[in-house]
Every structure is written in C-alpha cells, then in structure tokens.
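Please look at the two-part architecture of this protein chain and at a few individual residues within it. The report below sets out what can be said about them.

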Amino acid sequence: MTKHDNLIGAEWVSFGNYQDNINPSDISDVIGTYSYGDASSVEAAVEAAKSAFPAWRDASPQLRHDVLDAVGNTIASRKDEIGRLLSREEGKTLAEGIGETMRASQVFKFFAGEALRQVGDLQASVRPDIEVEVTREPVGIVGLITPWNFPIAIPAWKIAPALAYGNCVIIKPADLTPGCAHVIAEILHECGCPPGVFNLVMGRGSVVGEAIVTHPDISAISFTGSVATGHRIAETCGRLRKKVQLEMGGKNPMVVLNDADLSVAVPACVNGTFFSTGQRCTASSRLVVEAGIHDEFVEAVSKAMQSLKIGDALDQATQIGPVVDATQLNSNLDYVDLAKTEAAEVIGGERLELAAKGFYQAPALFVGTSNDMRINREEIFGPCGSVIKVADFDEAVAVANDTEFGLSAGICTQSLKHARAFKRQAAAGMVMVNLPTAGVDYHVPFGGRKGSSFGAREQGRYAVEFYTTVKTSYVFAG
Ligand code: NAD
C-alpha cells in the first residue's frame, strides 16, 4: 500500500494517522493511504509559509510564470494517469476525470499568463506635483479548503491564482479525495515552487480545516463546499476579520419553454442533471417546464435517463459512475423516499447492485412536483432531478428564482425575447441559454448569488480581487 505524506516547506512529512482512500466504484480497491494531520501540522505549515512569503512576494513575475506554466504542462502530459486516479477516488467517468485534469492544466497555464500581466494605475493627483499610484499586493498566507466533487479542478483554480499573485498557500483537500491534491503538490514541488510557498496538509475538516480557519497568521480563506460548513467559516472569519470567499451549494433551475428545441433541451437537461452522478454544485436539479411541452419533455428525458449506462467509473462504456460514498448514497436514497412521501411520481432512483461492490444508484426523475416541496428546496447532490410544471414564462422565472440558492440558471427556448429576459431576470451568478447549467469556461468568473456564494468571484481575471489587496501610494515629485 502506497503511503502519502504532507508537503511542509521542502519536506514530505508524515503525521501518522494514515487513512485509506477507497474507490467508490469498487470498495475492495484501496487507492493509497494518506497521513492526516492536526492543528500542530497546520502550525508547521504556517511557519514554513511565513519564512517563504517575503521572497515569493518580491519574486520576479517570470519565476511565478515559469512555475505555474511548468505545472500546467506537467499535468497535461500526465492527464491519462491523473484522470484515472481522479475517477478512482471520486467516481466520475474516466472521460470526465481526464477532462477535469485538463481543466486543471488550463487553469495553471491561464494564471501563468496572469502572473505576467499584473497591472496598476498611475494617476494624476488632484493636487499639483503629486502622483498617485494604485497597485495590488498579495494578501499573505491563504488557506484553501476544497470539496471532494472536483478533486483537481477546484484545488487548481484556488492554488494557481493564489501563487500567481504572490501569496503562499496552505491547502486542505477533502478528506474523501486527497489523491489529486497530493499529485498537484508533487508536481509543484518538482516544478521548482520554492519551499514553503505551497504546503499541503491533509485531514479532517473539523480538525485541520478549523485550524486553518482560526490561525491568526492566515490572512484569507477560500472555501468551496456545503452551505453549513461555509456559514460556519464565514462567521469565524468575520469574527477574526479575515478575508473570505465561499462557493457553496446550488438548487439550479433549468427552464424549458414550449418553443424549446427538444433535440437541444433533452440532452442539456440529462447532462446537467445526471452527469457526474449529479454531484455538481451547478447541476440542474429543478427542471421548470412550461405546460405545453411538459408531457413530451418528461417522456423524452425519462427515456434518455433510463438508457444511461451506470457502472464502474473506469469502464469506457460507463456514462454515470457511482455516488462518492455510503453517506451520500444513503442521503440520496432518503430523498427518493421523501419524494414519494411528498407525492411525486418517482421514475428510477433505486440502489443498484453491480458486479463490483460500489455505491451505485439509478438516476431519478421526480415528476408532478411543486417548488415548495423539500425535494425542491434542499440540495440533494445526487443523480436526482425534479420536474415542476408551470403555466408560462413569468411563472417559470418566479419558480426559478424562488430558492435560497443562486449559482447557475438555464433556459431552453428558441425565443430571443425570452432568452434575453431570462438573462436579465435570473437571480443567479451564471446563466445558460440552450446549454446545461453545469459546464463552464475557465477564463471567466465563476460564482453565484444569495446562499450559493459569498465574497469575490473565482476564476479568470476576477480572481485578482480575492488574492490581492490594493495599495494607494502618493509621491510628491515637486
Ligand atoms: P463539505 O462542506 O462537507 O466539505 C468541504 C471542505 O470543508 C472539506 O475539505 C471539508 O473537510 C472541510 N470542512 C468540513 N468542516 C469544516 C470545518 N468545520 N472547518 C473547516 N473546514 C471544514 O462539502 P463536501 O461534501 O466536500 O462538498 C459538497 C458540497 O460542495 C456541496 O454542497 C456542493 O454544492 C458544494 N460545492 C460547491 C461548489 C461551488 O463552486 N459553488 C463547487 C463544488 C462543490
């Protein structure tokens, strides 16, 4: 069994407490065993980061570019192997695993470029002979806390901007999926990232995560995960006056109007609702369908859903892999039972026993639901979608926006008027027209509104807001 340790400064450090990383497609497959730290491990990482920070802050942008570019190239050159690891530890299909790995590579290469493009403003003062300069500086040591469902892309889109803008990093990946973050740590180490600039501390959220959030020398926290954890972190950061960025849950609506092209709408809804086993914060969990197309749409989606091949993530024929673990599977099955209690018609959703022992579930469609049901208010985070029938466009928008979340919202229509109106009226950070609610670009901002997100946007050039702080300098040149 391969043992994996934590990266602190230039050293791979064992804190004992090895935990097995189990393949959800086949629980007899143990991927490796990972040493989980505690508060004293975070302390060691902070000391390493504090020593490294002055030199990294003042480093030439060329060095930062070269490290990030080399990391991006290395990830791409190892995409098949890393993608396979990702699929083994998280359960998404191999194609999705390799695709997500390539996304991580692209993110590192994008921020390699951004490291060279840091700009400031030189302005004339309103007073004579004075120049005003507005520059951006790194915030210091940043703590990054990531979820299990995108085990390489989310660490990448936090680590790359943090380093590009001159911060030092301590990352705690999800305890269910430490493997991909460990590989990023190995690659950063090999690609010349100076010791202490990047530190990996694996472990439990309640132990290592808490220690990162509360450490006085960590200036900012970027978190992606559940609403409950995010709110807790926000409260702590508020009390400690730390900069904080939260990306949390979703209950994303996909509106399907009577004039939708079903050859576009059905694949968009099937992809958005069920792919990656529905374990995407941007999944289309509420399908809000206009009455005139409702029956035809439900028939087509349920037919497409039932033809999806569920299986081992590494099997090339698989379209939907397993649920990530037993806890998530049991929660999903409870929601299927709840849908029945709430008098929805339930198609699919049953536990599947396949040849290999894994956490398999058939995708579920809940039909005849109303937006006030719990299945439509709470994030399920599994391969489950609800259909909500509405009378017209106005009701569709009202239902779409009637949620505590606001991450992504989609519409399928051939009407330019309705597409434009929806873009304006959707109370979400991202809007998709004739596209699945999930599936985004890496060079533009990612994030939501209301209960889904808090703080500055992630990704693209907008990432500079979170990972830097502004300085205004006045120079008398008289
Ligand atoms: P989670 O909140 O359980 O865990 C997220 C991370 O926080 C993990 O690393 C965990 O160990 C850590 N953590 C847990 N308790 C902590 C604490 N007290 N202090 C500090 N850290 C702590 O979430 P999860 O189950 O890993 O991920 C699923 C959730 O993530 C879903 O709700 C999903 O919608 C959300 N998500 C959101 C986005 C987005 O960008 N909006 C993207 C992916 C996933």
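## Basis of the model

This is a predicted model, in which local features need pLDDT of at least 70 and side-chain atom pairs count only at pLDDT 80 or more, while totals for chains, interfaces and linings use all residues. Residues are numbered from 1 along each chain as its sequence is written, and side-chain values use heavy atoms, with hydrogens and water left out.

The protein chain is divided into domain 1 (3-248 + 452-476) and domain 2 (252-433), with bounds that come from an automatic or database domain assignment. Taken over C-alpha atoms, the centres of the two domains are separated by 31 Å. Contact, meaning heavy atoms within 4.5 Å, links 23 residues of domain 1 with 29 residues of domain 2. Together the domains bury about 2,100 Å², of which 60% is on carbon and sulfur atoms; buried area is the accessible area (1.4 Å probe) that two parts lose on being put together, summed over both. On the side of domain 1, Ser25, Trp148 and Ser452 lose the most area to domain 2, together 25% of what that side buries.

Between domain 1 and domain 2 there are 0 salt bridges (a side-chain nitrogen of Lys or Arg within 4 Å of a carboxyl oxygen of Asp or Glu).

## Gln245 in strand E12

Gln245 lies in strand E12 (residues 243-247), where strands (E, at least two residues) and helices (H or I, at least four) are DSSP runs numbered from the N terminus. Because its relative accessibility is 1%, Gln245 counts as buried (under 20% relative accessible area, with exposed over 50% and partly exposed in between; 1.4 Å probe, protein chains only).

The side chain of Gln245 reaches the backbone oxygen of Arg457 at 3.4 Å. Leaving aside residues up to four places away in sequence, Gln245 touches several others, among them Ile221, Phe223, Phe454 and Tyr467.

## Two residues with positive phi

Most residues other than glycine have a negative phi. Arg241, although not a glycine, has a positive phi of about 55 degrees, and its place is in the loop between helix H8 (227-240) and E12. Ser276 likewise is not a glycine and has a positive phi of about 55 degrees; Ser276 is found in the loop between helix H9 (262-274) and strand E14 (284-290). Arg241 is exposed, with a relative accessible area of 73%, whereas Ser276 is buried, with a relative accessible area of 4%.

Key
A polar contact is a pair of N or O atoms within 3.5 Å; within protein, one must be able to donate a hydrogen and the other to accept it, and residues adjacent in sequence count only if both atoms are side-chain atoms.
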